[in-house]
Amino acid sequence: MLRKYLLAILPAVVTALIPCLTTPAGAFELFPRPEGQYTVQRGDTLYGIAGHYYTNPALWPFLWNQNPAVRLKGTGTAAEKQPLIPGTTVDLYHQRYSAPVVNQFYSPPTGIPFEAQFVITRVPFKGIPYDKKYFRYKLTLRPNQVWGYIVASPEGTKVHFLERDLLYIRFRPSKKQAILVGDRFGVYRDRGPVTHPLNPNRQIGFFSEVIGEVEITSTGHDLITAIVLDSYEEIKKGDRISLFAPKNREIVPTKTHRMLTGTILRSATRDVDTFYKDVHNLENDIVFIDRGECDGMKEGILVNIYRPALPIADPYFSNRRLVTPDSYLGEGMVLKAFEKNSTLLITRSREEILPGDIIKSVSD
């Protein structure tokens with residue numbers, strides 16, 4: 001009787017299961033299907049398609065990995081900028097994930113103790129505006145070219161000058177002919193030569209600092225008159241004049257796909273003439289590093305700051321020295337990259353940062 005009952009209900013069970021077997025179950029697909037397709041037009045690139053559909057051009061490797069059949073014309077440029085063959089079909093996966101969801105946080109570098117996790121912050125996508133005074137430090141291979149120097153002031157007894165003060169400037173004869181009313185120049189002060197902290201016999205360059213800005217108001221005399229527009233510190237007689245026309249800049253923090261290392265040379269904001277000369281670099285201070293555009297440094301690159309560890313003796317082998325991990329000190333961001341050096345803004349610091357400490361870029 002039971003056998004007859006099972007044979008009777010079996011067709012009904014099979015009929016009920018057939019629609020379930022033919023309907024795809026997206027949650028259990030081993031090979032997910034694309035959510036859309038795009039036909040390549042003339043001039044399309046992986047960079048452009050990723051920017052249009054994923055709202056982030058940097059996701060072009062994800063698009064290329066999902067479409068192994070897509071071929072490039074091979075024009076010799078970077079893969080993401082090479083035009084695709086028109087008529088090729090590109091599969092689009094996970095269109096619902098937009099760029100702001102991807103890589104909003106970067107992982108802490110290895111070797112950071114648990115109590116230092118507070119320094120790991122969210123990387124903003126928008127630019128961070130910095131005042132132009134952060135870009136007034138420069139380390140050059142040769143001394144700056146002198147256009148002129150400050151001689152005196154209409155107020156004969158005045159020694160130090162600030163905003164709205166008038167100055168008399170003597171320019172070099174070869175430069176004076178090209179100066180017009182309304183031209184702006186920087187007032188800078190030489191801080192002397194800089195040597196490498198690990199090799200005092202190796203000279204890196206010459207450190208100069210812009211301490212103010214002036215605008216020409218009159219050129220009808222041997223001594224040209226100018227007014228002080230900005231003064232980052234007190235301007236004195238004998239301070240030099242050079243070209244300096246900075247603009248308010250906006251820097252976007254970025255990470256690199258390669259490891260860049262370097263050494264902190266010296267401080268830019270804590271010089272021997274400053275009040276806090278006995279205090280080393282902390283947060284919001286600016287330092288020079290010995291890596292520049294020639295080494296791949298660019299504005300906005302994020303770095304971590306370490307102190308090289310000293311070797312320690314092995315307790316069982318007296319002739320053996322063991323190397324310990326570098327000590328983590330803080331974070332920084334490249335403000336401006338010159339040819340062979342850069343200025344670095346210290347954004348986080350656990351302790352004072354010294355010349356000779358090393359930096360390592362934050363990679364993707």
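**Contacts, cores and strands in a predicted model**

Visitor: Which residues are in contact with isoleucine 150, leaving aside its neighbours within four places in sequence?

Guide: Isoleucine 150 is in contact with Phe161, Leu167, Tyr168, Ile169, Val187, Ile235, Lys236, Lys237, Gly238, Asp239 and Ile241, its neighbours within four places in sequence being set aside. Contact here means heavy atoms within 4.5 Å. Residues are numbered from 1 along each chain as its sequence is written, and side-chain values use heavy atoms, without hydrogens or water.

Visitor: What makes up the largest nonpolar core?

Guide: The largest nonpolar core has 17 residues, and Ile150, Phe171, Phe185 and Val214 have the most contacts inside it. Two or more residues come from each of β7 (166-171), β8 (184-196), β9 and β10. A second, separate core of 16 residues includes Phe135, Ile204, Phe288 and Leu345. Such a core is a set of buried Ala, Val, Leu, Ile, Met, Phe, Trp, Tyr and Cys residues joined through side-chain atoms within 4.5 Å.

Visitor: Why is threonine 225 called buried?

Guide: Buried means under 20% relative accessible area, exposed over 50%, and partly exposed in between (1.4 Å probe, protein chains only). Threonine 225 has a relative accessible area of 16%, and is therefore buried. Threonine 225 belongs to strand β10 (residues 224-231); strands are DSSP runs of E, at least two residues, numbered from the N terminus. Beyond four places in sequence, its contacts are Leu166, Leu167, Tyr168, Glu215, Ile216, Thr217 and Ser218.

Visitor: Why is glutamine 203 called partly exposed?

Guide: Its relative accessible area is 46%, so glutamine 203 is partly exposed. Glutamine 203 lies in strand β9 (residues 199-218) and touches Pro193, Val194 and Thr195, residues up to four places away not being counted. Proline 193 is 10 residues away in sequence, and 7.1 Å away C-alpha to C-alpha.

Visitor: How do you know that strands β19 and β20 are joined?

Guide: Two strands pair if DSSP finds at least two bridges between them. Strand β19 (residues 327-337) and strand β20 (residues 342-349) run antiparallel and are joined by 7 bridges. Alanine 337 stands opposite serine 342 in β20. Both strands belong to a closed barrel of 6 strands, β14-β15-β20-β19-β16-β21, with antiparallel pairing.

Visitor: What is the mean pLDDT of the chain?

Guide: The mean is 76, and 73% of the residues reach 70 or more. Over residues 21-31 the pLDDT is below 50, and this stretch has 2 contacts beyond near neighbours in sequence. Where pLDDT is low, predicted coordinates should not be read in detail.

Technical notes:
Predicted model: local features only at pLDDT ≥ 70, side-chain atom pairs only at ≥ 80, totals over all residues. Helix = DSSP H or I, 4+ residues; strand = E, 2+ residues; numbered from the N terminus. pLDDT = per-residue confidence, 0-100.
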